[in-house]
Structure formats: C-alpha cells, structure tokens
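Here is a briefing for a reader who is new to this structure. Look through the sequence and the model, then read the points below by topic.

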Amino acid sequence: MAAMSLRMSVITPKLFGKSSACPKPSSSLAMSANFECGRTQRQSLSLGVERRGCATAAAAASASVGGLTISRDEVVREDDPTNNVPDSVFSKIGMQLHTRENHPLGILKNAIYGYFDETFPDLFKKFDSLSPIVSVKANFDDVLTPPDHVIRSYNDTYYVNADTVLRCHTSAHQAEMLREGHTHFLVTGDVYRRDAIDATHYPVFHQMEGFRVFSPSEWGSEDGTAFAAQDLKRTLEGLARRLFGEVEMRWVDCYFPFTEPSFELEIFFQGKWMEVLGCGVTEQAILNNNGRDGTVAWAFGLGLERLAMVLFDIPDIRLFWTNDSRFTSQFKSGQLGAKFKPYSKYPPCYKDISFWISDQFTENNLCEVVRGIAGDLAEEVVLIDEFTNPKKGKTSHCYRIAYRSMERSLTDEEINELQVQVREQVESKLKVTLR
Ligand code: DAH
C-alpha cells in the first residue's frame with residue numbers, strides 16, 4: 001500500500017482554512033473527534049522528563065506572558081478529564097519567539113509592523129503579549145464558530161478545562177479588542193493546535209491578526225462592505241509586495257465563520273501558488289455584539305511560520321524552536337529573507353509500530369504520545385499500511401516514526417529506549433492492541 005503521510009490523513013482544522021503553519025495543501029478528510037477521546041487518551045505528566053537532553057524538557061512550574069504568571073498546575077491537570085494539555089505544550093507558553101528581534105519570526109513580525117507603520121502612520125496598535133489562555137467563548141463563540149465545528153473538538157484543540165482553551169488562533173482576541181475600544185490593531189501570538197507530526201506541523205505556531213474598523217463617513221455613498229473589501233485587498237497586496245517583492249497575486253474566495261465575504265490571498269512564488277493569508281469583511285454580528293454597530297470592518301490572519309519558512313528557506317518547523325547557534329546566528333534584525341544555510345543533516349532513524357485500532361483511536365492522539373516521549377526528535381509519523389480483517393472486523397494500522405535530531409547523531413540505543421516507551425504508552429493510553 002502506498003505510504004500516506006499522516007499530515008494528509010489527519011485533518012488540519014479546516015474551517016479556519018488550513019492550519020496556518022502548513023504551506024502545503026491538506027486533505028479535507030473530516031475526522032470526528034469527541035470529548036471522550038480527549039479524556040481517555042491524555043498525555044501523562046511523567047513525560048516531561050529530560051532524557052539525555054534529547055526528549056521533552058522538564059516543564060517549568062510557571063510561565064510568564066505580558067507580566068502575567070501562568071502556573072503549570074493550572075494548565076496541565078492530569079486528573080481533570082476536561083483538560084488535555086501535556087507538559088510538552090505547556091513548556092512553550094511564555095517562549096514568545098515572535099518578540100526576539102534576531103529570530104526569523106521576530107524579523108518577519110517587525111517587517112509587517114514596518115509596512116503598517118509606514119503605510120498608515122500611528123494608526124495600528126500592536127499587541128504581542130496577550131495571554132494565549134482564553135475562554136471558549138472568546139476563541140470560538142465570539143467569532144461565530146458553529147457549535148458543531150470540528151475545531152472545537154478535544155482532538156483538535158487544547159482545553160485547559162471545559163470553558164478555557166489555549167487559543168487556536170489570534171482571532172480569539174477580536175471581540176475583546178473591540179470591546180476595549182480598539183478599532184485598528186495587530187495581534188501577534190503563539191497559537192496551539194493538536195496536529196500531525198511532520199516538517200510543517202508543530203502543536204504551537206504563531207499568527208498575526210489584523211483588524212480595521214471604518215465609520216460611515218469613510219465609505220460615504222459607496223457600499224460599506226465593498227469599500228472595506230477593496231481597502232482590505234489593497235492593504236494586503238501592499239503587504240505581500242513588501243514581503244515577497246513584485247510577485248503575481250490572486251484572490252481566492254473561501255469561507256471563514258467570522259467574515260463575509262472571505263478571501264485567501266495567494267502569490268506565485270518559487271514556481272507555485274502559495275496561500276499567504278486568510279481575510280475578509282467582518283461579520284456584522286461581531287461588530288454589533290461588541291459595541292460597534294453601524295461600522296464595517298476588515299480582518300486578516302496569517303501564519304508566521306508558513307511565511308518565514310519560504311522567506312528564509314527554513315526546511316523544518318522544529319528549527320524555529322532550536323537554541324543551536326548554527327541556526328540562531330544566521331538571522332539578524334532587519335534582514336528579511338536571509339537564506340538559511342543548512343548545517344549537516346544528521347541521519348534519521350525509522351521505527352515502525354503496528355496495532356489494531358479502537359473506535360476512539362485518532363492520529364492526533366498518537367502524535368501527542370510520540371511528541372510527549374520524543375519531543376523534537378520526532379520528525380514525522382506516517383501511516384504506511386492499513387488493512388481490515390473482515391472476519392474479526394478489526395482494522396490494523398502501521399505507522400513509521402522518523403526520529404532525527406537537528407543537532408546531533410542519535411544512537412540506536414536511545415532510539416530503542418524511546419520506541420519501547422512509545423509502544424507502552426500507545427497501548428496503555430490509546431487503548432489499542434499492539435501486533
Ligand atoms: N483565524 C483564521 C485561522 O486561524 C485566520 C483568519 C482568517 C483570520 C480570516 C481572520 C480572517 O481575521 O478574517 O485560520
């Protein structure tokens with residue numbers, strides 16, 4: 001059977017468009033996830049142990065974002081069935097990669113700020129240290145996400161408890177910003193999604209949200225929505241030119257719950273069409289519900305990793321998190337698009353695991369177990385074989401896990417040790433039967 005990448009078989013939360021970290025198209029195969037699987041297939045706290053410096057680092061007791069202290073014990077709660085945040089994810093809170101001036105994400109964020117500041121002096125207010133812990137209401141309801149949307153599932157989103165999540169997009173701040181009276185703003189931050197393991201997916205990535213409100217005097221006798229759509233397109237085409245140069249662009253109609261009409265901007269770059277961002281004219285209900293009736297607005301959201309990977313030639317999303325100076329020393333504030341020169345690539349080590357799946361089995365849960373044990377050594381998890389035994393009515397999956405360090409050669413011994421743990425936890429946590 002042909003190898004199928006896990007990325008292709010798991011849905012990347014689709015509704016908000018594609019997962020913003022992923023430059024490649026993802027399949028639209030729907031995956032049903034339910035509360036139950038989030039509850040029974042949770043990550044263990046004991047995974048947060050440093051193993052020879054290669055696996056997940058021990059999580060600190062607290063993190064700090066914008067002066068707010070977030071305690072681990074409030075976010076990682078193993079015995080709370082409404083919580084599915086593992087230590088490996090908690091350990092990313094407070095890292096604030098986008099605030100590092102010499103980091104590709106910081107360089108890109110500052111280039112976008114520069115564009116808005118020059119084009120609209122003193123107009124857009126910037127926020128980049130809002131807490132990633134937000135209410136379900138802010139993350140979903142306030143931006144009109146349908147109650148049955150798959151992104152709300154425990155399989156796709158990290159829940160702190162039934163009412164609180166790690167934001168899965170920066171759109172989570174739209175309503176709150178409006179209520180606080182802001183009308184022109186850019187919100188940048190880390191966002192969290194349960195997802196596959198491969199070169200373009202990581203459970204934490206970064207987005208920037210842009211929002212602009214217009215008052216009736218601005219659109220005058222024109223149609224307000226058409227006026228906003230036109231301004232939006234002009235603004236974002238200018239941004240794309242600032243980042244990518246004189247590229248060919250096209251607008252694609254699409255769907256987001258929070259905008260109507262909704263668009264994606266694509267550019268023709270390095271020989272192919274690439275999605276740059278999602279945007280649209282804000283749904284009137286969002287404005288009305290948050291003290292801005294009678295206005296119209298536009299909004300956009302873009303994934304910083306996705307754009308940084310192509311602008312800086314960064315081949316693997318894990319690199320954004322490395323402290324290896326062979327990576328970090330290559331980027332300097334203000335140098336947008338300096339091309340990353342790969343240092344020697346260490347060999348991968350492949351291990352297969354086969355099991356009979358159960359009804360609750362999901363690939364996101366498998367990936368969570370693998371990441372919990374192997375941390376950033378987990379490079380890819382791919383479904384390489386699948387069959388159903390008609391007599392037993394059981395389905396078997398075989399996954400190939402690629403382990404590879406960005407920094408050093410791995411020994412057989414350490415990978416074998418990791419794989420033993422993966423096998424144990426896959427069996428105990430995912431309620432599958434190893435073959
Ligand atoms: N929140 C969307 C996502 O995560 C991105 C997005 C699309 C933001 C359209 C917007 C928007 O503000 O108008 O995929």
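Ala 63 has Ile 70 as its bridge partner in E3. This is a predicted model: local features need pLDDT of at least 70, side-chain atom pairs count only at pLDDT 80 or more, and totals for chains, interfaces and linings use all residues. Residues are numbered from 1 along each chain as its sequence is written.

- Strand E2 (residues 62–65) pairs with strand E3 (residues 68–71) in the antiparallel sense, over four bridges.
- Strands here are DSSP runs of E with at least two residues, helices are runs of H or I with at least four, and both are numbered from the N terminus.
- Two strands count as paired if DSSP finds at least two bridges between them.
- E2 and E3 form a hairpin with two residues between them.
- Gly 66 sits in the turn and has a positive phi of about 55 degrees.

**A three-stranded sheet**

- Three strands form an open sheet in the order E5-E7-E6, with antiparallel pairing.
- Strand E5 (133–135) and strand E6 (159–161) are the edge strands, and each pairs on one side only.
- Neighbouring strands of this sheet are turned by 35 degrees against each other on average, direction ignored.
- Such angles are taken between N-to-C directions of axes, which are lines fitted to C-alpha atoms, and run from 0 to 180 degrees.
- E6 is joined to strand E7 (residues 164–166) by two bridges, and the two strands run antiparallel.
- Asn 161 stands opposite Thr 164 in E7.

**The whole protein**

- The protein has 14 helices and 17 strands.
- It has 435 residues, of which 44% count as buried.
- A residue is buried if 20 or more other C-beta atoms lie within 10 Å of its own, exposed if 12 or fewer, and partly exposed in between; C-beta atoms are placed from the backbone.
- Among contacts between residues at least 6 apart in sequence, 71% join residues at least 24 apart.
- A contact means that the two C-beta atoms, placed from the backbone, lie within 7 Å.

**Helix H9**

- Helix H9 (residues 224–244) has 21 residues, which should span 30 Å at 1.5 Å a residue; its end C-alpha atoms are 30 Å apart, which agrees.
- The expected span is 1.5 Å times one less than the number of residues.
- The buried residues of H9 include Ala 228, Leu 232, Leu 236 and Phe 244.
- Seen down the axis of H9, the buried residues fall within an arc of 105 degrees, so they line one face of the helix.
- That arc is the one of the directions from the helix axis to the C-beta atoms.

**Helix H5**

- H5 has 16 residues and reaches 23 Å from its first C-alpha to its last, close to the 22 Å expected at 1.5 Å a residue.
- Among the buried residues of H5 are Leu 105, Leu 108, Ile 112 and Phe 116.
- The buried residues of H5 pack against strand E8 (184–192), strand E9 (204–214), H9 and helix H11 (304–311).

**Nonpolar cores**

- A nonpolar core is a set of buried Ala, Val, Leu, Ile, Met, Phe, Trp, Tyr and Cys residues joined through C-beta atoms within 7 Å.
- The largest one has 76 residues; Leu 108, Leu 236 and Ala 240 are among those that touch the most other members.
- H9 gives the largest share of this core, eight residues.
- Ala 240 touches Val 247, Met 249, Leu 265, Ile 267 and Val 276, not counting residues up to four places away in sequence.
- A second, separate core of 24 residues includes Ile 353, Leu 366, Ile 415 and Val 432.

**Backbone exceptions**

- Most residues other than glycine have a negative phi, and most peptide bonds are trans.
- Asp 122 has a positive phi, near 60 degrees, and lies in the loop between helix H5 (104–119) and strand E4 (125–127).
- Asp 122 is exposed, with 7 other C-beta atoms within 10 Å.
- Leu 144 also has a positive phi, near 65 degrees, and is found in the loop between helix H6 (136–139) and E6.
- Leu 144 is partly exposed, with 16 other C-beta atoms within 10 Å.
- The peptide bond from Glu 260 to Pro 261 is cis, with omega near 0 degrees.
- Pro 261 lies in strand E11 (residues 259–269).
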